[in-house]
Amino acid sequence: MKSDKWKPWALLAPSLTAVFLLLVIPVCFIVVYSFWLRAPSGADIPAFQMGNYAKFFEDFFYPGILIRTIRIAFETVLLCVVMGYIPAYFFYRSESRYKRVFLLLIMLPFWISFIIRTMSWINIMGDSGLINHFLLKIGLIETPIAMLYNEFSVLMGLIMYLLPFMVLNIYVSLEGIDKSLLEAARCMGCTEWQAFREVTLPLSLPGVSAGCLLVFVLTAGTYLPPMILGGPGNDMIANLIFKRVIGTLDWPFGSAISVILLSLLFVIVWTYNRYLGINQIFKSFQGK
Amino acid sequence: MKKISPGWTLIRLYTILVYIFMFTPIVVVMVLAFNPKQFGIFPMEGVSLRWFVKLAQNESIIEAFRNSLVLGSLTALISTAIGILAAMAFIRFEFPGKNTLNTLLLSPIMIPEVVLGVALLLFLRFLQQPKSFALLLIGHVVLTLPYVLLIVQARLVGIKKEYEEAAKSLGANAFQTFREVTFPLLLPAILAGGLFAFTISFDDITATLFWATAQNQTVPVKIFSMLRNSISPEINALGAVMIVLTVATPLLGGYLSRRFSRAKP
């Protein structure tokens, strides 16, 4: 064979250049900027000082938002597992000829704009929304119940966004299970439930944990549901970044918060990869 | 297999409930788009197309649609082109640092979009460049590249190297081999990847909100700025148009790719 060592590099050149220039360098910039100073005039002054980080941890306000973000992310993960496992199992075991249609339908929200799916909760939970209209009509309540702008409505928005990711991850790992293992278990006298508990469930756990990681990371990095469906007390860390960067143009502080968020997620992803391996997550995007 | 067991019935019921949960917001948007009244949400007072007419007459919304379509198409084109090249390198060659580089190219999936948005904007600010359409385009390429790469790689693994080697031994050069052998076999994945890139770009809001300007609004950004006041039938109508567009595209794509792949051995 001729020496074609240079070939892969030529093929990779455009994408590596793009990712390096547009991702690696900009992220390094955030780190550098997070040490800079913001002059009272609004100009950014190059410096090396920890002031922005000190400001974040100076009282309980900002760490509180960080803790809230982690809590909401855990709640979302939990709700997504509870709501997502059974439908994924249903697709896996179903022998209906409409199985493909079911699967297509659960994928459909991926194609529908995040902002539309989020704002539509106002149509449903608003004062003259679907639920209040229905309850008023049947005479269960006299005045509309306020359902929006609290943590519950934020969670609804998040689940709407993230549930398909969870279902897909679980389904992909269920599909990977050799069905003859199940038959073997049944032959050896397991009941349907025992076979599920001893064979299917443990073998599907890689998919569940991959889904959990993905949902956690995506929740921690989003600001839209709290912004549209949350009240003043429901801001998450990404909202804080948005407000500092777009609202008050405080770039150094915004950068410091971004670095804090990035480090938190890095620790989580790194730990996950160390013990469980990250490749399972990428599988779900390929298995269509 | 027994399927009529009470357990299975419960599972089915649960799945239906999850479906209802997932689809109610989407259906409600589509229905309320026809709501004739100006304020409040329910009850609907008849069916009307007035909000669609109003949308069609709104210059800035037409402009936003044009921006989104151009942006989505260019993003899909660039992402797919550089994604195919990278996938060829990863699947067809052995070289040092392969796994690390693959992870690097896939990493935008795991980096929060809000950080990506800030980072790119900050870099631009350092270079003292104003926000522009080009910023949206390069940003969207970075956002979509990992998905294209995953889809194309998955398909390329399944295409035997022998086909390419046969073509080469018959005297085809590298480019001819790609054009005549690899490309047609890869076409379904290329279409799927391109469509995925298009819809991600078309729908993106989190990072786009950082990069867009008043002159370069996309449809989701437009919806976001309209939401400032409150939800209105006009927003629902705009949402309905977007839903129809983004749902029709992949269905069409899926149909096309199945046809193309069936035509091949």
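Me: A residue counts as exposed when its relative accessible area is over 50% and as buried when that area is under 20%. In this predicted model, what makes A:Phe48 exposed?

Reply: The relative accessibility of A:Phe48 is 67%. The cut-off for exposed is over 50%, so A:Phe48 counts as exposed.

Me: Why is A:Phe35 called buried?

Reply: A:Phe35 has a relative accessible area of 17%. Buried means under 20%, and A:Phe35 is therefore buried.

Me: Why is the pair of A:Phe35 and A:Phe48 called tilted?

Reply: The ring centres are 4.8 Å apart, and rings pair if their centres lie within 6.5 Å. The planes stand at 40 degrees; stacked requires under 30 degrees and edge-to-face over 60, so this pair is tilted. Over all chains, the structure holds 35 aromatic pairs.

Me: What parts of chain A does this pair tie together?

Reply: A:Phe35 belongs to the loop between H1 and strand S1 (37-38), and A:Phe48 to the loop between strand S2 (44-45) and helix H2 (51-58), so the pair joins parts 13 residues apart in sequence.

Me: Why is H1(A) called oblique to H3(B)?

Reply: The axes of helix H1 (residues 6-33) of chain A and helix H3 (residues 59-92) of chain B come within 8 Å and cross at roughly 135 degrees. Roughly perpendicular covers 65 to 115 degrees and roughly antiparallel begins over 145, so H1(A) is oblique to H3(B). The crossing is left-handed.

Me: Which residues make the contact of H1(A) with H3(B)?

Reply: Among them are A:Leu11, A:Leu12 and A:Ser15 of H1(A), together with B:Leu85, B:Met88 and B:Phe90 of H3(B). The contact residues comprise 11 nonpolar, one polar and no charged.

Terms used
Residues are numbered from 1 along each chain as its sequence is written. Chains are lettered from A and ligands numbered from 1 in the order in which they are written. This is a predicted model: local features need pLDDT of at least 70, side-chain atom pairs count only at pLDDT 80 or more; totals for chains, interfaces and linings use all residues. Side-chain values use heavy atoms; hydrogens and water are left out. Axes are lines fitted to C-alpha atoms, for helices over the stretch in contact, and angles run from 0 to 180 degrees between N-to-C directions. Helices (H or I, at least four residues) and strands (E, at least two) are DSSP runs, numbered from the N terminus. Angles under 35 degrees count as roughly parallel, over 145 as roughly antiparallel, 65 to 115 as roughly perpendicular and the rest as oblique. A crossing is left-handed if the near helix is turned anticlockwise from the far one by less than a right angle, and right-handed if clockwise. Contact means heavy atoms within 4.5 Å. Ala, Val, Leu, Ile, Met, Phe, Trp, Tyr, Cys and Pro count as nonpolar, Asp, Glu, Lys and Arg as charged, and the others, Gly among them, as polar. Rings of Phe, Tyr and Trp (its six-membered ring) pair if their centres lie within 6.5 Å; planes under 30 degrees apart count as stacked, over 60 as edge-to-face and the rest as tilted. Buried means under 20% relative accessible area, exposed over 50%, partly exposed in between (1.4 Å probe, protein chains only).
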